[in-house]
Amino acid sequence: MSRQTTQSQDQLQASSFELRDSIINGTILKIFQDSYFVFDALKVLYEDDVDSADKIELLIVLEEYGHHGIDSESIDQVITSLLDIFHQLRGAEENQSVCCQAIITATSLLLQMEQLHTEVGKTVVSDLVSVAAMYTSQPETKRLQACACQCLIQIEDFSPGFLISHKAAFLKLVQQERSDIIQDCVLLLAKVMENYVILIDTDTAPTEMVSGRQITKQILHQFSLDPTELRQTVFSVMEMIPLLTTFAVWKVTHSLSRLVQHVPEISPTIFKPMILQHMATIDCTMLHRILQIQREFEGEVLTSPEESQLLDHLTIFVNHPCIVPAIRLLGLQWMQHYKQSPDISSSLPARIKQHNSMKLFPSVFDPVECHLMKVKMNSLLYESKDMDAGVESAVLMGSLGYLHKLVWHTGRGKTAIAFFRALFCIYERHHSSFISKDIQRLIQELISEFPQFIPHALDFIECLRSNTPDSSVYVEILSQFHQQVIIATEEQIAYCYDFYLQALNRAASEKAIFPIPTLKFLHYLCEHASQIADSSWQLGHAVLSVCRNLLICHGTNFLYTEMGDLLYYIMTTYHDVDVQDKAKFYYVLLTGASDYKIKSILADTTYGAHTMHQAISTILMPDTKQDSLAQIRKLDSCMFTWKRSALCPMILPPTGKQGNTTAEKNFNKQGDVQSDENDNSKEDERSDGENGSVENYLKYLEELETKIEAKFAIKLKPDLDFKKVHAVSIHINVSLDFKPVKDIHIPCLDQSEDVNIVVDLIPIKPVPATFTCSATFCCDRKFTFSCDLPSFNISLLEFFLPLPWNCGKNLSKMAFFNSLWNRIVTDTGHGIESVKILPITRTQFNQAAEEKLQQCQINKETDLPETMYGIFLPPKYHLLLKCKVIDMDRIAVSIATDLSTILLHVDKFLESIATCTSDPENKT
Amino acid sequence: MSLQALWIVQLPSACTRKDGRLLFSRIYPTYVKKEKIADGIHYVPLPPNPDFVKSLFFELGYSKEGMAHFIAARDSCQKETQNPVYEIATSAGKLWPLVVVEQYGIVFCCLPYVEQGAHTRPPLIDLPGVTQGFSLLCALADFLRPVPHTELYQKTPDIYSFLTHAAPFGSPLDTNVESVIAKMTNRPSLVVTKSQKQPGWKPVIHKGKNHIYLSVTEYVRAVQYDWDDVANVCDVFGTISCKAEIECVMPEITVTISHAAEGEITPLDHLLIHPCVQSADTSIIDTGAGQVRANPRRVRFSPPNDMFTLCHYTASRVQEIPITGCFEMFADEKKVNLKVKLKLHEKIKNQFEYCELQIPFHNRGPIASHDSLPNHGSMMLSPDRKVLVWNIGQRFPSKTLEVNLTATVQFADLSKQPASPQDDPFCVGQNAYAQLYFKIPDFTHSGCYIDPKSVQVSPSMKYKLMAVREYISKEYKFWNIQGDALRSVIPKCLTAPNNGTIDSDEK
């Protein structure tokens, strides 16, 4: 062989592997999109130096996928080329296999592209007939002859009557052929005969064959057979049966049975000897065919005792230990549908019921699939009305014993599926109370031991409901599940919460099931979500799914408090933003929408939620090894620059509504009265009035709104992996002395951006505090991260505000200050008075006070012996100071406050003034 | 009765952690076209091969999710079980009826053409394609059995060739592997005489000396509990195989299945016969018929060339279990103490080719040590040290016909061993069984044998005859009397003789 030839073969070998790979990878159609590929392939087929196996493979690929790359204009060219290749190669013995595949491919393409009635089609048929009908004793050409017969069978099958003109040739072939290809010839003859008789007898040829049939009709009359000749042909074909494989027997008897149906002169009893001979066959194809013939000609072929015998053999066949289980399963299905009643699933043949019923009881040696099938058959043996009698019920429930024990001890998925299907088979047909109680007990026991079977059990009861909508069993079993879930131990919940939630989800949609225990269970789950499931998105949404069903089914009145508590808990504490958001949405619905509105909103999403449950909860399993996108990853270092830029305590301007409150009016009114406060004659009254003024002032404070406005700047640190982050959520942890702060959300933050944020801190008590902060954010890879931000402090000084009054006269201020002092130190139980001596001069004190306390100074006159400072500490507390010089270089500071707990901080504050003023460096 | 397509798929391997993959596919476009016409708008096209494999694995439970989680679309109670027929979900709809045969890590599957339209979901009795497709897949599996999985891909041309001859145009015609191989290799056959036609199932006619080999292989399977309330179960059944190498196109052989004067001399309940059988006494003995004589059964057949199963039978009237026994085991986490007692029935021939009791220890670590005291035979461990093997030898003690074993077995830590897929999940704690393997040559429990004198061949010729028989155990279990056991017991109330039932569970 030349070097060039070797290279060519190598290339083809490589391309043969490529073709094989592209078939496996599903990319073969792309190759055929190239319109030249088919012709390139044909060129290769012409080459002599290409291996036969490669040629055959290429021809098969053309047969399978060629029609994707061949259009109607080039099909005749392709088929002609294939015929040409066939004619070139058929002379050589070693090329017989390639020749066979060439005519198979040509025939297949001809039929696929509907070219049978074209010139090229006729050429193909003519060539095939000449090959099939040639009489030769050369064994090496027999395979080609058989192949031609098979091609012609396909053609006749696609276009009935097309080969009728060759009937005589085929008949002669059958008579003369002696080799094993006789069965191919018999099959061809039987097919042609079948179609001939049907076309003569009926007028129902397929529409697409009309043009062909018109020709056929003319030919039919030319080649008509008289009934005697037809009968002789049929008998001669039947005589060939022993020479045929069981598959060929099937095809021939199929053709003949159709023929018999159209020719009354030929009795179906022609099949009887064959049936009686093979009734006890071990061959599934033969047995199947016998059953089919018996069904087709019921009462016409076998007598009743013979039919009973056939069914007895079928029973033996489906039980025989030597028959493989898959074939036994097929046999059981034939038995199930043997009876041709309108409701084919309703019953088994009487012979089976009366004589072979116990032979269908599952055996300990049967595999699981056979057990299931036999349970099904057992359920078909009995009528529903017999079920309360006891014996039949005992048999049915007894037939489950093996499967039940297997599930109980193994807890395996496939066995469990078979067990629940077996239960369903029984219950579907026999939903008596007797059976029902037994089934309920079995399921109850099973899921209490194996909660992983809750989804199976839920599916079971759902199927029951769809089959018997009026039955109360659904609710009864569901109630049992519900009861079982709500009394589960902590350990059980930790392991099986996802199954329990599925049960609760279903129970939540049942009005008859009391919902409060469900909510308590959900609350427990949420409280322990971090330990149970790391506060997963899945758990959160499963809980909310139950909430949704409860809201839809039970409305809001009944569950308002418990549901509200639960949703509030989730929206404030659950560690998943998406879950929080959804909980918030439900919370808003619960608190703000009518039941009707809630139903209309949530019911619309039921279908979507259900599919989501199917699609995500079941596909993304809890134990999946893939990283969960919902999981928040904690970063060790801070990704942001987080600075507090300003802090400003403030009293909020009264709203219109607030301005009209009684307290404010009284306080302002009192202020007006104080315009006459210099009138000494009214001193006592004034004193009373001052007391009254303080009381009103304190009432006013009760309604006063204050806040400390904190301004921050946040920026993404440079030189990080994150160039841009999304959904930044900043959380500020506050002490108990402040109201909780809402999380701050920033949609997007990139490295070039500096975002300013204003946070309102609402104090409950004016106590200095340190605030820790954290941020959660998403990166471009869709993972969620969290990191700590630098903490920030609030000192006592940063709470200081002047007293919130609106009378403008100093004396009045003094008087009010004194009244307030007296009120604090005497009247209230919480007030406290103290004195602090500062070792500084008056000048030094004044300098420091000017910087820190100026806005709170009551008396501006410098000649007075005491300087007074009235400090309002939001939201409603006071710090009153009286500063007096003693011994020239010391200041005595008298302190009064209505919040004793800040005294320590006041002391520190005053100390800081002393230190600051005495140390010039600190001062600067 | 034809196929639209056929696939061979390698399953994912738990051991080697290799993903499953498609090894071979064959589409028969003419029947795809016919199905398209039959189904009309309901037609579901064949998915691309990768999608097909994915859907198949999902349906069979070999996807990554496995069977551990309930998936309603696959596992619902309402989904009709039609094994070996499956329905797989594709993006274009449900593909049905997919016939699946699973063997040694390979899935062979095919999609038959449904003349009525697949969407009408006709019962399987109306679908010849399913039965024929199943037979073709089994034949293909047999054909490829000697080929290692790694070489299947390279065997693609051979598979194509096999299918072309076994099922031209996807329509099964001959599934006898030997016969198909003869056609594939185009082995020349004898030129037949004018008076005879060569059968389609016999493409090659033997040339040479004439031999007839007939073998009766009788099996016994039993489950023994040794509990008062549960009866032991024992089935005796058999197969008669034949290989006839005769230089004749269609010779006729007649044999008589008789009963020797040993064993229990039990009548055969029936015969299930090979399609080559021309006539046979296949009558069924009614189990409620009382005492029945063990009459000989005559079978006349025209054999194919290769070894084939002439017939199957059962012998449910066998009264005695051949080897009775008791298996008692006390187990804790690291150690088990066990006692076994076996007794051979006096009617059973005490001459074994082998007799071996295997005690597998499932869901435990390998055996670290064992202290066994058999009163007869010897002890050994399986190579993986998971099975304690008691080799009883060729004979039971002739005086007592009884053997005993006591043993203490210590186990290594299970956590150091990977879980084995061979472990029976049922066998945990005290749940355990011992399995007996034995073979007695030249013996059958039922007494059935082929009488060499009865063999007749037509046309008359010289031939060498060999008729053998053997008795072999198959699934012969003794459950631990201290544990639980799998059983399926017919309620006693229904096993009265008048019910016409086989009293198999109540012997």
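**Strands first, then the interface**

Mentor: In chain B, strand β10 (residues 277-280) runs antiparallel to β11(B), and three bridges join the two. Strands here are DSSP runs of E, at least two residues, numbered from the N terminus, and two strands pair if DSSP finds at least two bridges between them. One bridge partner pair is B:S279 with B:R300 in β11(B). This is a predicted model, where local features need pLDDT of at least 70, side-chain atom pairs count only at pLDDT 80 or more, and totals for chains, interfaces and linings use all residues. Residues are numbered from 1 along each chain as its sequence is written, chains are lettered from A and ligands numbered from 1 in the order written, and side-chain values use heavy atoms, with hydrogens and water left out.

Trainee: What is the area buried between chain B and chain A?

Mentor: The size of an interface is often given as the accessible area lost when the parts come together. For chains B and A that is about 10,500 Å², summed over both parts with a 1.4 Å probe.

Trainee: How many salt bridges cross the interface of chain B and chain A?

Mentor: Seven, each a side-chain nitrogen of Lys or Arg within 4 Å of a carboxyl oxygen of Asp or Glu. B:D484 forms one with A:K405, the closest N and O atoms being 2.8 Å apart.

Conventions
Buried area is the accessible area (1.4 Å probe) that two parts lose on being put together, summed over both. Helices (H or I, at least four residues) and strands (E, at least two) are DSSP runs, numbered from the N terminus.
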